[in-house]
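Subject: Structure handover

Hello,

Here is the structure you asked to look at. My notes follow below it.

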Amino acid sequence: MHESGEVDFSVRQLTRVEGEGRLSLTVSGGEVTQARLEIFEAPRYFERLVVGRTPDEVIDIVARICGICPVAYQMSAVHAFERLFDVALDPEVRRLRRLFYCGEWIESHALHIYLLHAPDFLGYPSAVELAGDHPDVVQRGLRLKRLGNRIVAILGGRPIHPVSVRVGGFSRAPRRGELDELRQALPEAIADAQETVRWAASLEPPTYTREARLVALRHPDEYPMNDGRIVSSDGLDIDPPAWPDAFEERQVPWSNALQAVSHDGAPYLLGPSARVALAGDTLHPLAADALRATALGGELATNVFRSIVARSVELLHALAEAADIVEVYSEPAVHLAPWEPRAGVAAWATEAPRGLLFHRYEVGDDGLVQRAQIVPPTSQNQAAIEHDLRLFAPSVLELPHAEATHRLEQLIRSYDPCISCATHFLDLRVEGA
Amino acid sequence: MSIERSVATELGTGWFGAGLSPHALTRLADCASTRTYATGDVLMREGDDTHPFGIVSSGRVALRLLVPERGAITILTVEPGDLVGWSALVAPYRATSTAVAVEPTGLLEFDVPALRRVLREDPPLAATVYPRILEAVARRLGATRHQLLDLYTQQAEHVPW
Amino acid sequence: MEAEITPRPRVGVVKLASCDGCQLTLLDLEEQLLPLTERFELIEFPEATSRRSSGPYDVLLVEGSVSTPEQLEEIVHLRGQTRLLVTIGACANAGGIQALRNWADEPAWRAAVYPTPDYVASLATSTPVAEHVQVDAELRGCPIDPRQLLELLTALRIGRRPQLDGESVCLECKRRGNVCVLVAGGQPCLGPLTQTGCGAICPAYGRACYACFGPREQANVPSLHGWLGKELPQVQVDRLFAGFNAWSTPFRDPAERAVRHAHGNAAEPDAAGSGADA
Amino acid sequence: MVIAAASSPAFLPRGELDRLLDLLHDDGRTVIGPMARDGAIVYDEIRSAADLPVGWTDEQAPGRYRLRQVDSPRQFNFTVGPQGWKRFTQPPRVPLGTATRDGVKVEFETATPEPRRLAFLGVRACEIAALLVQDRVLAAGPFADDDFRARRANALVVAMQCTRAVSTCFCTSMGTGPEVTDGYDLALTELDDGFVIKAGSQEGERLLGKLAPGKADEAQQASVADGVAACRASMADQGVAAEGLPARLMDRLDNPRWMEVADRCLACANCTMVCPTCFCTSVGNVSDLDGAINHTERRWDSCFNGDFARVAGGNFRPRRQDRYRQWLTHKFATWHEQFGTSGCVGCGRCIAWCPVGIDVREELAAIAPPYEEPAAPPTPAPIRGAMLDGLSPLPMVSYSPAVSQPAPLRADSSVATVRAVAPETADTFMLWIEPRDAALLQASPGQFVMVDQPGFSPVPISISRVADGALWLTVRAAGAATQAFTSLEPGAQVGLRGPLGRGWPIDRALGRDVVIVAGGIGLAPLRPTIDAVLAQRDRFGQVLLAYGARTPGDRLYLKELDAWANAGVEVAQIVDRAGPEWLGQVGVVTQVLDRRDWHGRDAVAFVCGPERMMQATVSALRTAGITRRRIFVSMERHMDCGIGICGHCQIGPFFVCRDGPVFAVAELGDLFGREGV
């Protein structure tokens, strides 16, 4: 149909993702010759901003890398330092840290499922229009999102860039009574989340399957968040600080975000789909049942458009686990364990809502950071996204332009990319043979 | 004779002449005469090298400056009892504004060269006259300062919308 | 009811160099979100909607600092498209944490983070929006406070002056009944110099305020700096100001000393950097 | 009864303290007492003696407070913490009411206080003194705060005498402690094994009767006396020279030390927040998205805030040094004139909790040291009611001083309807409103009203005339709220509160010459006086109206100016600048007064306009022979909320909204025209 030679499709900036990116895709004679996700993040040099700062200052600073998942950044950093300094956490504090992370997962997943992703499946430009026809759906999403924010706010003072995470625990632990509000709200929220899984599973995805290399944390007796080992679908199993032994960052001319790949250059996939696939056996019973009921288990890993289901299952898991934690919670004996700085390498990875988040800090004798490396999930998923686009593009080229580009945007949104970066365009350029 | 006397009497009644010795009054009266201006008459123009100096006895004189684009702005009015044209006694003896009668105005006007001569020749007289002129000028200065403050304007608080 | 009779102001939400947290605060208004969209027309908000508009806007909420050549062009263009421009958050108001590079050797930093620095286009500085175009109002904070955002929109709608106090954090801290972490805890708290609006969160959570709402009017930095300097080394006190509002005028001197102390001023030998150390 | 009991103290063994708490609980009281939390002693709910901070003691110094555990059975082994009882008698936030708007209709609903029954446990002598100061400030006279009254009436005071002091304590020099002398229901003194207890009120008697403790033996009474004496002795060298301090302080308003301390002061307001007597507040609005429902709340504010003195006419205390001086002079000097007591009780909180350790004792010693012998006479502070001296009263309009001019503390506006809105000049307009309550029409010339639009802060507006059932208001569209008036349609409703304040003493002008000098919009509050004079022109001597405006176009009431001239008022108009078409006077308003002479004439002057204009006018009038006691000025530009006790409009010992806006220049003394007061 493009016999007239060069046809130039273009749509405006990629929307409903945190941050913006541009994709340029070149097709010659039906062959995709180039598929690039171009990230033009205005560099903010966080790896340098943390140099010369104390561990606690670093925790405040790295949160600002992302307004959607600040807790993840605080968690990877605080665990890295606590491991280097051999800080023994009060078990209640460890539980609070999980509750804290649950809060962010709930807020972030609800945001993406209902406000960013759902409009794709139901054909609306945004949740605002969606709310016009399906108010109950959007209200449910907002209710869930609000509860996630409340959890983070109760523990950390505010939902965005919370303030209480310190090396050794929290600057303040909530009194048991302060969690009553959550005890009351969680049962209804769990019901909402169960409904969310059913509803998400009923959304018709484009047909597209592929095998991908999956990577996630895995812990013998809890669903991966702050703790565990890095495992992959092809047998990798390492301690988080060993991340650099298995992966590396490389820079490509078209992106301000470094891309992470295996040393052999192979892309890999992080996030809900990967976690469900690699650690599904540690899901909360309620989440496991809901997942089983969808009968989509296998497809979650092979059809990226189904990530919304994986995300919903994790949303339910986070709520169910949060409910368990607040039920048994009692104020920790020591909410802030004492610690002494020590020179060395502090490295750890935790599971951000979007996938594995690796931090590595070189700490000097003065206890100040000398060097830092931060590898966000999206920069690790980049290569996988480009790989997927390459495979998926041919199947949409014959579609009407609007539909084709919509599918491509949807594919990218399925990854819930978190790229705090500057404004650019998604260009779909097709050159005739 | 009778004219001079009336001039002297008139001099004596205003604040300017009040307290002046009979001698002083006569000497001043000798070089003064009454004169009337009709509404709209121009007593002097800004920059005039020679211009009248006198005491307004009735009516009102407007002192104006010409501002490009805004036309003639009245910066001060001279009321009965007040001096007009004081610059005639102070170097460079050039009119500092344009003076226009905005009402039929009576002026007790001095023969400036004569007055200057008298003041030069009679230091004691000068010593009683100049402070009075200084007082008038000082009062103008004070008034002008307050006008500069633009007291009655109040800047509205900034509301972005 | 009012919503129908009055025309809906056309609102845009855009970002420069930032973390998205401040614009996310709009979505975090949750139960107010849909009522708001009935009263304001969100014509541009890429993070939330695929419906786009390049203006003109009645109100434009701008997040983020100006840190690339493109952003500089963009903000000048956007100013021309909007009646009111409101900066939201420390990045837009003061340059953000990334403004620390304003005292450092930017190419060296770039080299330290990126193996091939030339691929990256970036200005040497990260600066507040107000350094480039006129700003009509600002919401402080890293991130902004949802109640203040709501007050701003409400005031805009009612036509009143938004009630955004310029007082110190201490008043709200005391109203809340917190115990002063500086006087009773010996923690270096910037609350006395910091503009209120957050609700005195940090002291309420047992830690010192780190001035994420930026300096308040007539912030007496030298006095508090001197007082804290009696207990702490100067570099440590300086570092307190090298935070999310480091580039704000009252904080600049100590912040600059802190950055220079941490980085020196030249490209460092190790600048080939962590980005490549895999 | 009380006396007898007080004279024969009893002893309550430590173990039986819970019996007292149970008694209080049985009376349905919530007991508030000391607790160790977050590194300080704070006041919170005490369920049993176990909640008390056993073994904790405090160390305090300028800018420093530390709690320390010591080996002691005592439960009250500390002095005052950061919080005063103010927290419970005048809480940080108090809902005032709700204003609703539905189309043109408005409604105002005032919140009614329903305080809990409380018992304050462990109230120190200085804190009792503070409660008594609050009583004078918030509960005495017509400006009483109902909310405070209710809370205070519901609180029982269980005092605790101090047997130790810290370095920041100076109650002895302020004469407020350490002995507990009055203002309590029960008073305890802690010994190692228990408490010596006495009653100080009928209620205390009753409780003591139920408690039925044994008598305190000599040894116990002796150790109480010794303990308190030792406490007093320990404060010997850490006081304030309070004798004659008010006059000394007001005499040192220009001391360079004010600038020096301003260099250290952070203006963070902590001193005022922890001060048990600081009472300043502000009113905030919380509106729904449409401004239809607006909740107003009153919250703690501070004279250290940059915008605290931002009132109708601008910000009168822009500099830190102005604010520190305002606080210190009010607390230690003008407070006496306002409330017959010092505002300071010597608790030392402002010293300990100042983030940079500013010590008021040091500042007072440096700024207002005792006079060298021979004592130089301090300039007398302004005299209240000075305006009445030398003016024989003649009955007509009864001229009422502030105290008989009650104004409600709560923002309970009543509904009024807009009859018409019309432009008057380029930036001013006329607003005619009909109050639903006719009482609001009973205004005397010079008074003002608060006009309240739901969602906006109320605006003080001087009444420019009361006629045919409406208030005539002349408004300058200067801010958002006044701007909003311009769009009001006839029939629209607004809230109205007042008439407020002390107006022009027209009755004092009977049989005398009257000089009225108005600058700009300052003519508005003076128009009623002209109306009053013309109503009985023959009862006054010569009447001069000198009216200065910026330009001819900025003059108000053009037609009336001519009418007045024809009715026997000499109307002299003068403008700052004019074009050639203007044939009238040009210059400043004082030129109209130049060379006029009222010496030996019986004249009274009424002046209203911008500060500088009033200053120039007053000096011109004095030159012309009218004394400061016969020159009355309206400080209307200082007005803010018209609540009578918020502190925003304060000038020296006066709250302009209730003591003014009209003052005799003699009353204001050298505060008139002074910068930053």
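A definition before anything else: axes here are lines fitted to C-alpha atoms, for helices over the stretch in contact, and angles run from 0 to 180 degrees between N-to-C directions. Please also keep in mind that this is a predicted model.

**Helix packing in chain C**

Start with helix H10 (residues 221-228) and helix H11 (residues 234-241) of chain C. Their axes lie 9 Å apart, at an angle of about 140 degrees. Angles over 145 degrees count as roughly antiparallel, and 65 to 115 as roughly perpendicular. H10(C) is therefore oblique to H11(C). The crossing of H10(C) past H11(C) is right-handed.

Which residues make the contact between H10(C) and H11(C)? From H10(C) they are Val221(C), His225(C) and Leu228(C). From H11(C) they are Gln234(C), Val237(C), Asp238(C), Leu240(C) and Phe241(C). By class, the contact of H10(C) with H11(C) has five nonpolar residues, two polar and one charged.

**Helix packing in chain D**

Chain D has a helix pair to look at too. Helix H2 (residues 17-26) packs against helix H7 (residues 202-211) of chain D at about 125 degrees, and the axes are 10 Å apart. That angle makes H2(D) oblique to H7(D). H2(D) passes H7(D) in a right-handed crossing.

H2(D) brings Arg19(D), Leu20(D), Leu23(D) and Leu24(D) to the contact. H7(D) brings Leu207(D), Lys210(D) and Leu211(D). In the contact of H2(D) with H7(D), five residues are nonpolar, none is polar and two are charged.

**Backbone points to check**

Two cis peptide bonds need a look.

- Ala91(B) and Pro92(B) are joined by a cis bond, with omega about 0 degrees. Pro92(B) sits in the loop between strand S6 (83-84) and strand S7 (98-101) of chain B.
- Gly177(D) and Pro178(D) are joined by a cis bond, with omega about 0 degrees. Pro178(D) is in the loop between helix H6 (171-174) and strand S10 (186-191) of chain D.

Then there are two residues with positive phi.

- Ala295(A) is not a glycine, yet its phi is positive, near 55 degrees. Ala295(A) lies in the loop between helix H10 (285-294) and helix H11 (297-302) of chain A. With a relative accessible area of 66%, Ala295(A) is exposed.
- Ala212(D) is not a glycine either, and its phi is positive at about 45 degrees. Ala212(D) is found in the loop between H7 and strand S12 (214-215) of chain D. Its relative accessible area is 56%, so Ala212(D) is exposed.

How high is the mean pLDDT of chain A? The value is 88, and 91% of the residues of chain A reach 70 or more. Over residues 1-12 of chain A, though, pLDDT is below 50; beyond near neighbours in sequence, this stretch has 33 contacts in the model. Residues 420-433 of chain A also stay under 50, and the model gives them 83 contacts beyond four places in sequence. Read both stretches with that in mind.

His79(A) is in helix H3 (residues 70-84) of chain A. Is His79(A) buried or exposed? His79(A) is buried, because its relative accessible area is 15% and buried means under 20%. Leaving out residues up to four places away in sequence, His79(A) touches Arg97(A), Asn226(A), Trp348(A) and Thr350(A).

Helix H9 (residues 272-279) of chain A is mostly covered, with seven of its eight residues buried. Those buried residues are Pro272(A), Ser273(A), Ala274(A), Arg275(A), Val276(A), Leu278(A) and Ala279(A).

**Chain B as a whole**

Chain B has four helices and eight strands. From the N terminus on, its elements run α-α-β-β-β-β-β-β-β-β-α-α. The C-alpha atoms of chain B fill a box of roughly 75 × 30 × 30 Å along the principal axes. Chain B has 161 residues, and 47% of them count as buried. Take the contacts in chain B between residues at least 6 apart in sequence: 75% of these join residues at least 24 apart.

**Between the chains**

Five pairs of chains touch, and chains A and C have the most contacts among them. Chain A and chain B do not touch; their nearest C-alpha atoms are 26 Å apart.

Best wishes

Definitions and conventions:
Residues numbered from 1 in each chain as written. Chains lettered and ligands numbered in written order. Predicted model: local features only at pLDDT ≥ 70, side-chain atom pairs only at ≥ 80, totals over all residues. Heavy atoms only, no water. pLDDT = per-residue confidence, 0-100. Contact = heavy atoms within 4.5 Å. Buried < 20%, exposed > 50% of the residue type's maximum accessible area, 1.4 Å probe, protein only. Parallel < 35°, antiparallel > 145°, perpendicular 65-115°, else oblique. Left-handed = near helix turned anticlockwise from the far one by under 90°. Nonpolar A, V, L, I, M, F, W, Y, C, P; charged D, E, K, R; others polar.
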